[in-house]
Amino acid sequence: MKSFWIGVASYLIFLHFGFGEPISITGSNGRAVPFLGIKSAMPGGLITQLAENGPETPVRWEKIDISALQQEHPKIYAAYLSTQQGETVELNLGTFAPPMDEGETRKSRGRYPGWNDYSVGGITFALQVPPGEPKGILLLSIGDFGDSIRWVQGNEIGSGPFSEFQVSKQFALLSYHKESARTIDKIDDFVFAEKQSGAALERALEEFGSRLNKPQLTTLPIAVYGRGRTGGAFAYNFVQYRPERVIGASIIKGAFYESAMTEASSQVPMMLIWGEYNNQHEIWQSEHYAQTVLKATADSRPLWSSGMEARGSDIPRPEVEHFAKEYLKEVIELRLVEAPPAPAPPVEDTTGEGEADSEGEADDEEETGTEDPEPTGPTLAALDRADGYIGVIKTGKVSKVKDPSRVLDETETWLPNQDVARMWAKFVTGELVAPDQR
C-alpha cells in the first residue's frame, strides 16, 4: 500500500503541472497525497480520479486521517459524516471536468458555477445544497440594489462565510439576483414579499426540489440573513409574508421595513442590527427602519431584538456579520426540531390467532383512517418570552425575564437565551471581536 501512495503522489505531481491544482488529503500515515479529483463519498470511502478522464480509484476511509480531513476539507468531512449514515454523496471536486450529458454545453450548466439557478417573475434564484440531505434553508438577502448572489457566488460548498451553516447545520443556501432601481429614494416592489417576490421564491424552491429530487425543499424551514437597502428590506418583509416557515432572522443596517407585523410574525425571533451613528435611513428617505419598527411594535411584545452597534455607522464591520450569524445559529438550535424516526413496521401475524392482550382477548384492529400522519421533516418549536433575558442597550447589562407581560421601553430589548445575551452584551458595548481579527 505504501508503494501505491508514493506512486500516486509522484504521478499526480507530474499531472499538476499540466492540469492544475490537485486536492491534497492527509493519509492515516500522516503523509499528504494530492488527488486530481474527488468524485464521490461512499460508506466505504472516497471515489477518486487519478488522471483526467481516467478510471475511478477507491480509497478506504481507514486510509485517511479523519481529524485532518475535518480541518482541511470541511465539505469532504461533511460528506464523510453523511456516509456514516449509509448515504452516498456526489462531490465532483478537483480539476477534472464532470462528464456532460449528451447535447449539454458548458454554458447550459448555469450562470453561477456550483449553484443551481432558476428564473421566475423577473428574478433569478440560486441554490447550493449541502452534502447529504438538507435540514433547512438559509436565505441570503444581501446588498443595496438586488444583486445578492454576487456576495456568495464564488464559494464552493463547504467554503466561504456561510460554510458553517452548510457543514454543521446541513442547510442549503438560497440567494437571488434582481435588477432594482439604482436611485436611493425609490425602492423596488421586489422587496415586498407579499406582492410577487415571496411567491416567486417558493416557486423556485419547487423547481429546485423537482430538479434535484429533493421535494422537501418546498417545505423546509428557512433562516433569514438580510443586509443592506434592498437585502434587508426583502428579508424583513419575507418574515412578515411567511412567518410560519421562518426559523429566525438577522437583519443588518437596512430600512424599508414596510410590511405590518402579524401575531404569527411577532413570534419569529429576529435581531434588527443598526449602528449607533447610522444615518442611511435618512439618505434613503425611509420612515420604517430598526428603531422606528421596534418602537412601534413594542406594545405587542414580539420576540424581536435590538442590536445597536456601539459607535457603529452604516458600514457592516466584521463584528456585525459575526454577531448576526452567531445569533442565527443559536436560534436554529432553539427552534429546529428533528422529525422523530419513522415507527417500525408491524410484525406480521403468521399464527392466524391474532395478538392477545393481557386478558387473553384478541385486539380489535379497526382502521379508522383518522390518525395524524407522522411528520416528514424538521418542525419549529415555539419560544416562550418568559424564558428569555432583558438587555439594557446602552450598558449591555442583562437580567432574566421576571415579568413577560411588561412592555419594554426604547432602552431595553428581549433576548432569547443566556448565550445570545452574553454575546449581545459584548456587541452593544463594543467588546465583541470577530474570530478572523483575533
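Select residues 389–392 first: in this predicted model they form strand β17, which is joined to β19 by 4 bridges, the two running antiparallel. Within this pair, pick V392 and look across to E412 in β19, which stands opposite.

The three strands make an open sheet in the order β18-β17-β19, with antiparallel pairing. At its edges are β18 (398–400) and β19 (412–415); each has a single partner strand, so one side of each lacks a neighbour in the sheet. Neighbouring strands here are turned by 30 degrees against each other on average, direction ignored.

Next, go to the open sheet of 8 strands, whose order is β7-β8-β10-β9-β11-β12-β13-β14 and whose pairing is mixed. Its edge strands, β7 (116–120) and β14 (304–309), pair on one side only. From one strand to the next the twist averages 15 degrees.

Select residues 222–227 and 246–252 in this sheet. These are β11 and β12, paired in the parallel sense over 6 bridges. G226 has I251 in β12 as its bridge partner.

Then show two helices. Residues 229–241 are helix α6, which lies across β9, β10, β11, β12, β13 and β14 and runs at about 150 degrees to β11. Residues 418–428 are helix α10, which packs on the sheet and touches β13 and β14, with its direction at about 30 degrees to that of β14.

Finish at T124, in strand β8 (residues 123–128). Is T124 buried or exposed? Its relative accessibility is 8%, so T124 counts as buried, the cut-off being under 20%. The side chain of T124 makes a polar contact with the side chain of S119 at 2.7 Å. Other residues that T124 touches include R111, Y112, S175 and H177.

How values were computed:
Residues numbered from 1 in each chain as written. Predicted model: local features only at pLDDT ≥ 70, side-chain atom pairs only at ≥ 80, totals over all residues. Heavy atoms only, no water. Pairing = 2+ DSSP bridges. Axes fitted to C-alpha atoms, helices over the stretch in contact; angles between N-to-C directions. Buried < 20%, exposed > 50% of the residue type's maximum accessible area, 1.4 Å probe, protein only. Polar contact = N/O pair within 3.5 Å; in protein donor to acceptor, adjacent residues only side chain to side chain. Contact = heavy atoms within 4.5 Å. Lists of a residue's contacts leave out its neighbours within four places in sequence.
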